[in-house]
Amino acid sequence: NKMTGQREDITIDRLVAGGDGMGRLADGRVVFVPGTLSGEKVTVELVQQKRDMARGHLISVNSASADRVEAPCPRVAAGCGGCDWQHLRVDAQHRAKREVVVDAFTRIGKLADVDAILRFGGSVGDEQSMGWRTTVRAAVNRNGRAGFYRIGTHDVCTTGPCPVTHPVIANILDAGQFVGSDEVLIRVGLTAQHVIVAADQPAGVKLPAMPKGWTAAIVAKVAKAGGASSFTEHIAGVELRVSVGSFFQSCPAAAELLVATVSEMLADQGEPDVFVDLYGGIGLFAATVGKSAKEVVVVESSPSAIDDARWNLGEGAVVHRSQIEEWEAPRLVRRSRLTHVVADPARTGLGREGVAAVLACQPDALVLVSCDAAAGARDARMLIDNGYELRDAVVLDLFPHTSHVEIVTRFELKTPKVHASLNT
């Protein structure tokens with residue numbers, strides 16, 4: 001392990017999953033540098049060195065990319081780690097996200113043709129991509145002020161309002177007090193004009209005045225689903241209850257874009273007899289894309305999300321509270337029935353257990369939502385090795401100004417099941 005601190009001039013070859021620029025040192029080792037862009041010539045200081053790779057801190061950009069812009073948020077100069085791509089022009093962010101996914105699916109997933117089918121499917125942001133975010137998890141410093149961690153540290157950066165968040169959240173982050181909490185979750189319901197603040201110590205929370213017509217609730221992090229710790233949001237024409245403890249997308253526009261993308265992917269597949277929503281959360285896809293199926297099944301492990309899903313889907317749906325690896329795919333998937341599965345796993349992806357759960361359902365069509373390029377590539381490879389074909393792939397930008405990607409892929413069974421009529 002060589003000493004850190006040495007400086008070197010390098011060229012950045014490309015952006016990689018995780019958002020860093022990747023280049024090579026004079027000795028041939030790969031080096032990863034945050035804040036850099038493809039094609040740039042930069043001076044870096046090495047902050048970590050290993051036998052086969054290194055990490056660098058950007059000292060100066062000696063030849064800038066045409067896509068480089070001044071970060072629109074002053075927090076970036078203060079070291080805030082909330083947004084890692086504010087130095088990249090918005091349209092170039094979309095291009096870069098697609099390239100990162102193509103790279104991961106080609107190298108990790110060993111897929112030869114992904115470049116031909118992977119398309120960009122839209123963003124939640126406007127031109128400036130500001131003010132979009134309605135769910136935020138923030139860190140709290142010793143003085144009870146909220147902010148985001150500085151890059152690579154646990155120091156909380158609290159300089160002024162956060163422009164990528166909804167204005168109500170930006171004001172709470174800037175002027176609120178959260179004494180006694182290490183972390184705070186702030187969620188805004190746009191339809192309900194209701195804001196929920198979940199903290200370790202609700203008694204230590206003081207909020208600024210709300211805009212006219214808005215209500216606020218301060219709850220414990222472990223609040224029960226429903227009541228003041230929830231609101232209803234309208235997504236794709238459906239009313240959904242979202243509780244503070246349940247996973248929900250970064251904003252309603254993100255949920256809308258995902259639902260529209262998944263619907264479009266399944267549009268030519270016929271109405272399914274069975275629609276299975278794996279890692280189903282509050283039932284987002286079951287309540288929208290799957291609502292006309294004869295049977296709807298949701299599998300989810302979070303108690304809060306299960307509560308919301310039962311509320312959102314009513315009596316007609318079967319909602320299983322189970323970890324995917326422990327769920328026994330019921331016999332509802334008889335070979336003669338048209339089955340669609342939508343799976344939206346956490347960042348780690350489906351993995352072996354998730355793929356096994358999908359295969360147990362024998363879906364004719366599967367739509368996989370991946371929020372990590374490497375995990376999505378690994379899952380795609382496993383599904384293809386088990387008889388599925390990748391038919392469609394879309395990259396969405398649900399987190400403007402960051403390197404976060406959302407990938408929606410559609411797989412079909414290579415040899416379709418025989419769909420006899422149900423009474424034979």
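Mentor: Start with Gly-351. Leaving out residues up to four places away in sequence, Gly-351 touches Asp-379 and Met-382. Keep in mind that this is a predicted model.

Trainee: Which helix is Gly-351 found in?

Mentor: Gly-351 is in helix H8.

Trainee: Is Gly-351 buried or partly exposed?

Mentor: Partly exposed, because its relative accessible area is 21% and buried means under 20%.

Trainee: Okay, helices now. At what angle do H8 and H9 pack?

Mentor: About 45°, with the axes 10 Å apart; H8 covers residues 351-360 and H9 covers residues 373-385. That angle makes H8 oblique to H9. The crossing of H8 past H9 is right-handed.

Trainee: Which residues make the contact?

Mentor: From H8, Gly-351, Arg-352, Val-355 and Val-358; from H9, Asp-379, Met-382 and Leu-383.

Trainee: How many of those are nonpolar, polar and charged?

Mentor: The contact of H8 with H9 has 4 nonpolar residues, 1 polar and 2 charged.

Trainee: Different topic. Where is Thr-288 placed?

Mentor: In helix H6, residues 284-288.

Trainee: Why does Thr-288 count as buried?

Mentor: Because its relative accessible area is 8%, and the cut-off for buried is under 20%.

Trainee: And what is Thr-288 in contact with?

Mentor: Setting aside neighbours within four places in sequence, Thr-288 contacts Ile-235, Ala-236, Val-238 and Val-259.

Notes
Residues are numbered from 1 along each chain as its sequence is written. This is a predicted model: local features need pLDDT of at least 70, side-chain atom pairs count only at pLDDT 80 or more; totals for chains, interfaces and linings use all residues. Side-chain values use heavy atoms; hydrogens and water are left out. Axes are lines fitted to C-alpha atoms, for helices over the stretch in contact, and angles run from 0 to 180 degrees between N-to-C directions. Helices (H or I, at least four residues) and strands (E, at least two) are DSSP runs, numbered from the N terminus. Angles under 35 degrees count as roughly parallel, over 145 as roughly antiparallel, 65 to 115 as roughly perpendicular and the rest as oblique. A crossing is left-handed if the near helix is turned anticlockwise from the far one by less than a right angle, and right-handed if clockwise. Contact means heavy atoms within 4.5 Å. Ala, Val, Leu, Ile, Met, Phe, Trp, Tyr, Cys and Pro count as nonpolar, Asp, Glu, Lys and Arg as charged, and the others, Gly among them, as polar. Buried means under 20% relative accessible area, exposed over 50%, partly exposed in between (1.4 Å probe, protein chains only).
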